[in-house]
Amino acid sequence: MLLNLPLSRSKLDRAAHLRADQAAIDELWSRAKVIEMLGDKFKVTSSGLNFQSSKDVEGERYFLGLDRDGVPYFVAHRSTDQKEFPEDFKSLRTIGALLNSLEIGAAVHALALTQWHEAHQKCAKCGASTHPTFAGAVRECDSCEASHHPRTDPAIIVLVKDSSDRILLGRQKIWPEKRFSTFAGFVEPGESFESCVSREVEEECGGVVTEVKYLGSQPWPFPASIMIAYEAVISNPDTVKADGEEIEEIIWLSRSEIKEKCGSGELLLPPIISVARAMINAWYGPNAKEELQGGESWRN
Ligand SMILES: [Zn+2]
């Protein structure tokens, strides 16, 4: 069964056929619900996104799609170097768990797209300036006219198990104390997802993968990833060890052990919006939400 992943719940129709029709885009903009973004932060209310009218926003506008009733959604984005933000601008990591399916779909698209635009102001072929076209779905070079399309970087994430259905979690040096999570890594050029799973598990803990099962995928626009989730059984649970570089500690956990360590505060799980948490909760069973508490928030 595929996972029900928190950032994969989009209900927006991207309506890509409208992107080339400037008159249609202008008409949609005039009656749009607009997500206002400053850098990578969203304007919010206490319960979700604070949609604006197109008359009231500044910045670059990009089309996101239509809801079921044909209401158009755009993002209006302003770049910023500032480190401090007004109280009502929050990161997707902070607000992700609060948003409904429509808001999530619009927000992950908006974040991934605006981060890409911001990082691709210059042509990768000739170095000249670029400008957005197709309602923000493409950038075009002002000089050589090359078209540049948004990129998404695939990364695998894997729940490592042994034959008695325990799971193996690891701790990265850069994480908050006591936080453990599943293993993950970027897919390299020319590599399949399945090969990447085996390589990452081998590199990070020395595990030899014997079975791989696909669990689902979720956009992870921090800034441009998609996480492809697997579970993997390894054949050498007794000889795994942390690589000492990326991962500094690993731990095998049964269901009763994870419950006990979460309850005592000895173990901090990954945040609710992450694939890692969804994989751990699905493995644990239907009582995960009540019995595995803690670690809900992210380091902003
Ligand atoms: Zn160019």
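Modeller: Helices (H or I, at least four residues) and strands (E, at least two) are DSSP runs, numbered from the N terminus. The model is predicted: local features need pLDDT of at least 70, side-chain atom pairs count only at pLDDT 80 or more, and totals for chains, interfaces and linings use all residues. Residues are numbered from 1 along each chain as its sequence is written.

Biologist: Where is Phe 85 found?

Modeller: Phe 85 sits in the loop between strand E5 (72-78) and strand E6 (89-91).

Biologist: Why does Phe 85 count as partly exposed?

Modeller: A residue is buried if 20 or more other C-beta atoms, placed from the backbone, lie within 10 Å of its own; it is exposed if 12 or fewer do, and partly exposed in between. Phe 85 has 15 C-beta neighbours inside 10 Å, so it is partly exposed.

Biologist: Which residues does Phe 85 touch, not counting those up to four places away in sequence?

Modeller: Leu 38 and Lys 41. Contact requires C-beta atoms, placed from the backbone, to lie within 7 Å. Gly 39 is 46 residues from Phe 85 along the chain, with 9.4 Å between their C-alpha atoms.

Biologist: What share of the 300 residues is buried?

Modeller: 37%. The protein chain has 7 helices and 15 strands. Of its contacts with a separation of 6 or more, 66% join residues 24 or more positions apart.

Biologist: How is the protein chain divided into domains?

Modeller: Domain 1 covers 16-119, domain 2 covers 120-151 and domain 3 covers 153-285. These bounds come from an automatic or database domain assignment. The centres of domain 1 and domain 3, taken over C-alpha atoms, are 32 Å apart. Their contact takes 7 residues from domain 1 and 6 residues from domain 3.

Biologist: Which classes make up the side of domain 1 that touches domain 3?

Modeller: It has 5 nonpolar, 2 polar and no charged residues. Ala, Val, Leu, Ile, Met, Phe, Trp, Tyr, Cys and Pro count as nonpolar, Asp, Glu, Lys and Arg as charged, and the others, Gly among them, as polar.

Biologist: How do you know that the span of helix H3 agrees with its number of residues?

Modeller: The expected span is 1.5 Å times one less than the number of residues. H3 (residues 101-119) has 19 residues, so it should span 27 Å; its end C-alpha atoms are 27 Å apart, which agrees. H3 is also mostly covered, with 15 of its 19 residues buried.

Biologist: Why is strand E11 called largely enclosed?

Modeller: E11 (residues 167-172) has 5 of its 6 residues buried, so the rest of the structure largely encloses it.

Biologist: What makes E11 and strand E15 a pair?

Modeller: Two strands pair if DSSP finds at least two bridges between them. E11 and E15 (residues 247-253) share 6 bridges and run antiparallel. Gln 172 has Ile 247 in E15 as its bridge partner. Strand E10 (residues 153-161) is joined to E11 by 2 bridges, also antiparallel. There Val 160 partners Leu 168 of E11. The E10-E11 hairpin has 5 residues between its strands, and Asp 165 in the turn has a positive phi of about 65°.

Biologist: Why do strands E7 and E9 stand at the edges of their sheet?

Modeller: The open sheet has 3 strands in the order E7-E8-E9, with antiparallel pairing. E7 (130-133) and E9 (147-148) each have a single partner strand, so one side of each lacks a neighbour in the sheet.

Biologist: How many bridges join E8 to E9?

Modeller: 2 bridges. Glu 140 is opposite Ser 147 in E9. Their hairpin has 5 residues between the strands, and Glu 145 takes a positive phi near 65°. E7 and E8 (residues 138-141) pair over 4 bridges. Among the partners in E8, Arg 139 faces Pro 132.

Notes: Contact = placed C-beta atoms within 7 Å.
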